[in-house]
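Biologist: I am new to this structure. Could we go through it by question and answer?

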Amino acid sequence: MTVQTPGPAAEKVAGRTRTPSPPPGRHRKSQVSAGALPYLLLLPALAITAILLGWPLVKNVILSFQQLGMKELIQHLTVWNGVDNYTDVLGGEDFWRVTLRTMIFTAVNVALIMLFGTLIGLLLARLGRKMRLTLLMALVLAWAMPIIAATTVYQWLFAERYGVVNWVLDKLGWHSMADYSWTSSQFSTFFVITVMLVWTSIPFVAINLYAATTTIAKELYEAASLDGAGGWRTFSSVTLPFIKPFLFVTTFLEIIWIFKAFPHVYAINGGGPDRLTETLPVYAFVEGVGNQHYGMGAAISVLTILVLLGMTSYYIRMVLKQEREDS
Amino acid sequence: MKRSLFGRFWPNATALVLFALFLFPVYWMFATSFKPRGDILSDDPVWFPVDPTFEHYRTAFDADNFWNFWQNSLTVTLLAVGCSLLIALFASFAIARMRFRGRTGVILLFMFAQMAPWEVMVISVYMLVRDADMLNSLVPLTLFYTVMVLPLTILTLRTYVAAVPKDLEEAAMVDGATRTQAFRKVIFPLLAPGLMATSLFGFITAWNEFALVLVVNKEAEAQTLPLWLSQFQTNFGDDWGATMAAASLFSLPILLLFLYLQRKVTAGLTAGAVKG
């Protein structure tokens, strides 16, 4: 009964379409008698996550209250400085500017990815088998492309001299673009990063969405056309309700992924020009590791995590509600 | 459903344009890597490597013992994906098949873990690895990558586990199979496409990881391919042929893996769809 898709986007629908729970009697027999078993099965996952993720997180919070530079790091010194790092970060203009920039960056990218990803997913469902496999192949390759390889390829595509993009723009009559340096301004650098991110992120959304549409029973469409529903009506009353949970979970994942995107932004132009394309993760990295203000970097990273939690809290609440209903 | 010629033309035309758009960067990488210098630096792009050369690949192979980085990347990625699949398999069985106190909490925990922005925590990771005296080693790298891909692996795998009919397992056990046998003979083959699909996420994440290895492993002997490529690009800068050859070498394994697995995954998909 459950949909199999290569992605966590399946969760939502899987939750919905899962076979209704077996009658309580049978249920109890096989599930409550499990006793300590579930905890034992979960132990390795919980232990390794607690040690290797939980510990660095706690350590990060501790470091954010310390004066930690190169000297302290090498000599293993612990110098507490209270909330100085936080007052420095929150008192300056940089953090707020970067936060706002990161939010706009995330919103624009996620909107583009979800819009085009959904449209391409629906297109995949409409195509014939051969054409679909052809398009799927290109999507899968774009999806699989390693980030650092993608950034070098995009630097080459958008290269000032001999880059294909500038050549095309020039041929199309936009002659001032012939030797345009895409990394020279904030907007154009973000443009390149966005094109690359959208290119590499769409396949996940499109393929998952297509997988979702294959689970819609044909009878529903037949019934809709018998009722005289047109294309849009069929979409909004048959397709949309079905793919809504997918869109929900995928949007959630994309927000996290785009917000966290580090190598994409960092490798294209190092956060430049003039640090104008630093998003929060890059800002934390450049301040902390790059400028060797490790304590400050830790404070920024704590704040970054809080911003991310804030942005996704609505989704987490919704998913939590869904889980409660399921169990 | 009947469709007019018009209705069939536009989807196909759009699909072709999209095909070209999505494939072009990948194609351009490979094409450039085979083109002689003169064809790369030409005022009008040379669309096909009409006069292929292996010169750029030679440059790439000769640079900074490529094979060592390659071996490191492969080792760390395979081990991390393998470990996380194994650990996730146990965990997703518990989550998908059993009711227990704290189940929602566990799911929530892995959702949070999946959100962890590792790049901003590199300083504390560095200090932990240093204090354990394990800098410049593949062991901590493997462990951290395992934890990095674990949450999403669990969250994805549990939907596949939930999809395997419970009756099958019970039927096998009624037929005298032990729980382990039932798992190995009945459940595992059914889960295989799910495991493959899930492993793809792990492969991308581990193969791509950049910030952690950059900070934790300063010695070239313990570094991985993303650093090699980034270093290569710094050294060769405008030699786009060599850079594209290096990028091709870095991407090829994962591109092939995806193409190969995609068919299996799609087969799993349709099977699921038929059942639905």
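Biologist: What does the model score for ipTM and pTM?
Modeller: This is a predicted model. Its scores are ipTM 0.88 and pTM 0.87.

Biologist: Which element of chain B has the lowest mean pLDDT?
Modeller: Chain B averages a pLDDT of 86, and 92% of its residues score at least 70. Among its elements, helix α4 (residues 66–97) of chain B has the highest mean, 93. At the other end, with a mean of 75, is α12(B).

Biologist: Where in chain B is the pLDDT below 50, and how many contacts does that stretch have beyond near neighbours in sequence?
Modeller: Where pLDDT is low, the predicted coordinates should not be read in detail. In chain B the pLDDT falls below 50 over residues 268–276. Beyond near neighbours in sequence, the model gives this stretch 20 contacts.

Biologist: Which helix of chain B gives the most to the side that touches chain A?
Modeller: The contact takes 88 residues from chain A and 90 residues from chain B. With 18 residues, the element of chain B that gives the most to this side is helix α12 (residues 240–275).

Biologist: How many residues on the side of chain B that touches chain A are nonpolar?
Modeller: By class, that side of chain B has four charged and 18 polar residues. The nonpolar residues there number 68.

Biologist: How far apart are the end C-alpha atoms over residues 103–124 of chain A?
Modeller: An unreviewed UniProt entry annotates several stretches of chain A as "transmembrane region", including residues 36–58 and 103–124. Residues 36–58 of chain A are 96% helix and 0% strand, with end C-alpha atoms 29 Å apart. Residues 103–124 of chain A are 100% helix and 0% strand, and their end C-alpha atoms are separated by 31 Å.

Terms used: Residues numbered from 1 in each chain as written. Chains lettered and ligands numbered in written order. Predicted model: local features only at pLDDT ≥ 70, side-chain atom pairs only at ≥ 80, totals over all residues. UniProt positions renumbered as here; feature names shortened; annotations may be inferred. Helix = DSSP H or I, 4+ residues; strand = E, 2+ residues; numbered from the N terminus. Contact = placed C-beta atoms within 7 Å. Nonpolar A, V, L, I, M, F, W, Y, C, P; charged D, E, K, R; others polar. pLDDT = per-residue confidence, 0-100.
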